[in-house]
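User: Please walk me through how to read this model. I would like the general idea of each feature, then the case at hand.

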Amino acid sequence: MAGAAERERWSSRAGFTLAAIGSAVGLGNMWRFSYLAAQNGGAAFVIFYVGLTIAVGIPVLLAELAIGRGAQQSPIRALVHFGGGAWRPLGVVFVAAGFLILSYYSVIAGWTVRYAWISLTGGFGENVADRFTDISEGWDALAFHVLFMLATIAIVGSGVKAGIERASVVMMPALFAIVVGLAIWAATLDGAGPGYAKYLNADFSKLGNWDVVKDAAGQAFFSLSLGMGAMLTYASYLGRDENLPSESVVIAGADVAIAFIAGLVVFPLIFALGLSDAVSASTVGALFITLPQAFAHMGAVGQVVGALFFVTLIVGALTSAMSLLEVVVASTMDGLGWSRHRAAWVTGAAITALGAFSAFDIRVLDVADQFANNILLLGGGFALCLFVGWVMPDPIAEVRAGTDGVTWFPIWRGLLRYVVPLFLGFVLIRSVPATIEAVWGLLSGS
Ligand code: TRP
């Protein structure tokens with residue numbers, strides 16, 4: 001096997017960190033986090049979400065990093081390496097999840113490309129809702145989805161160092177600077193006061209509900225790119241001198257911070273126009289309708305700020321899409337012995353084709369998203385906990401390498417063995433029936 005000796009590597013520690021943060025920070029932070037917070041009691045949701053990220057997200061993230069760096073292989077092989085052939089199907093599910101998620105994620109990313117362009121060149125006109133319908137479904141949606149996939153494929157096809165790392169090192173600091181700048185600008189808006197009030201006042205009455213727990217757990221996994229081997233794959237290009245626990249805390253911290261700051265942009269904007277009800281009521285399209293309305297009412301300033309906002313969405317989406325494609329590409333390279341270039345273009349083309357279903361029917365996109373979040377990612381996270389908690393020979397030795405002996409590792413393994421799987425098991429039991437119903441409804445209805 002030639003693979004091991006010539007395996008690609010990150011060129012620097014910051015390269016890995018920024019690429020992993022790039023994977024985590026994406027549409028989930030700026031698009032879904034805000035509307036979940038708006039729907040579910042503002043700060044109460046934020047607090048609950050941060051707690052989940054610490055208690056569930058970080059342990060699973062560290063588990064993925066440990067498997068990937070330990071095995072130095074793509075997900076399917078890494079699982080087999082530590083667990084034997086019985087774990088191969090889980091790896092196959094991971095690759096399939098990457099395939100499915102990227103197929104619709106790229107369609108949404110295509111909307112953001114379109115939106116950035118419209119913002120720059122003259123605005124959305126009066127009826128944004130109709131405009132959204134035009135943009136989000138049909139040939140337009142397909143065209144921009146294809147465009148976005150081409151960019152993703154080109155970057156991933158160029159390699160870990162020359163493609164993914166280089167793009168992340170340039171794009172992530174820029175994204176961070178723009179989001180912070182937008183948050184400062186948003187503080188000057190008329191809606192800032194009421195927006196902050198809605199966002200930062202905690203209404204705990206919404207939290208008693210299992211749906212909120214399910215949404216928060218799904219969001220925590222999605223936002224941290226967990227449950228399908230993306231972080232595992234990125235960690236497989238790391239050396240043993242890297243400090244995995246501190247990486248996992250930095251990655252999760254940056255992810256939550258950017259989601260939180262994005263909320264500081266979104267809430268004042270939607271309250272500047274009194275559009276808050278529209279956001280808390282709807283799902284996929286919420287921000288794509290209300291935010292342009294807000295920008296449209298601000299004249300030239302709105303044009304510039306709107307374009308900046310959508311450019312950050314594009315950047316976030318692109319660095320996330322790279323990690324989704326990398327799971328599929330690395331597995332194809334390892335499994336079929338293909339070159340990176342070939343793997344990227346062939347699998348990327350197949351994913352693009354699958355995404356056409358979402359581009360032509362937003363209900364497909366919505367259901368694929370529910371299925372991925374509620375079943376694939378949470379189920380994948382559940383399996384990963386059991387794998388590292390019970391099956392992997394010595395995960396503690398793996399995460400200890402590169403640190404100077406931290407004492408909380410047994411707590412980590414205890415979380416992975418008992419607490420997190422129990423929690424995820426409950427959430428899964430609650431969410432699987434409704435999700436299957438949604439999938440079934442779509443299949444039988446169309
Ligand atoms: N985390 C990204 C976001 O918040 C999306 C993403 C990238 C992802 N890679 C992933 C989600 C792997 C699940 C699994 O937008």
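Analyst: We go from overall fold to aromatic contacts. This is a predicted model, where local features need pLDDT of at least 70, side-chain atom pairs count only at pLDDT 80 or more, and totals for chains, interfaces and linings use all residues. Residues are numbered from 1 along each chain as its sequence is written, and side-chain values use heavy atoms, with hydrogens and water left out.

User: How many helices and strands does the protein chain have?

Analyst: Helices (H or I, at least four residues) and strands (E, at least two) are DSSP runs, numbered from the N terminus. The protein chain has 19 helices and zero strands.

User: How does the radius of gyration compare with that of a compact globule?

Analyst: The radius is taken over C-alpha atoms, and the globule rule is 2.2 Å times the number of residues to the power 0.38. For 446 residues the rule gives a value near 22 Å; the protein chain has 21 Å, which agrees. Along the principal axes, its C-alpha atoms fill a box of roughly 60 × 45 × 45 Å.

User: What share of the residues is buried?

Analyst: Buried means under 20% relative accessible area, exposed over 50%, partly exposed in between (1.4 Å probe, protein chains only). Of the 446 residues, 58% count as buried.

User: And what do the contacts say about sequence separation?

Analyst: A contact means heavy atoms within 4.5 Å. Take contacts between residues at least 6 apart in sequence: 85% of them join residues at least 24 apart.

User: How many aromatic pairs are there?

Analyst: Rings of Phe, Tyr and Trp (its six-membered ring) pair if their centres lie within 6.5 Å; planes under 30 degrees apart count as stacked, over 60 as edge-to-face and the rest as tilted. The count here is 21 aromatic pairs. One of them is Trp 10 with Tyr 234, edge-to-face at 5.2 Å centre to centre and 80 degrees between the planes. Trp 10 sits in the segment before helix 1 (13-24), and Tyr 234 in helix 11 (residues 230-235), 224 residues apart. Trp 10 is buried at 7% relative accessible area. Tyr 234 is buried too, at 0%.

User: Which residue pairs with Trp 87?

Analyst: Phe 387, edge-to-face, at 4.7 Å centre to centre and 75 degrees between the planes. Trp 87 lies in the loop between helix 4 (75-83) and helix 5 (88-120), and Phe 387 in helix 17 (residues 362-391), so the pair ties together parts 300 residues apart in sequence. Both Trp 87 and Phe 387 are buried.

User: Which residues form an aromatic cluster?

Analyst: Trp 111, Tyr 115, Phe 132, Phe 288, Phe 295, Phe 309 and Phe 310 form one cluster.
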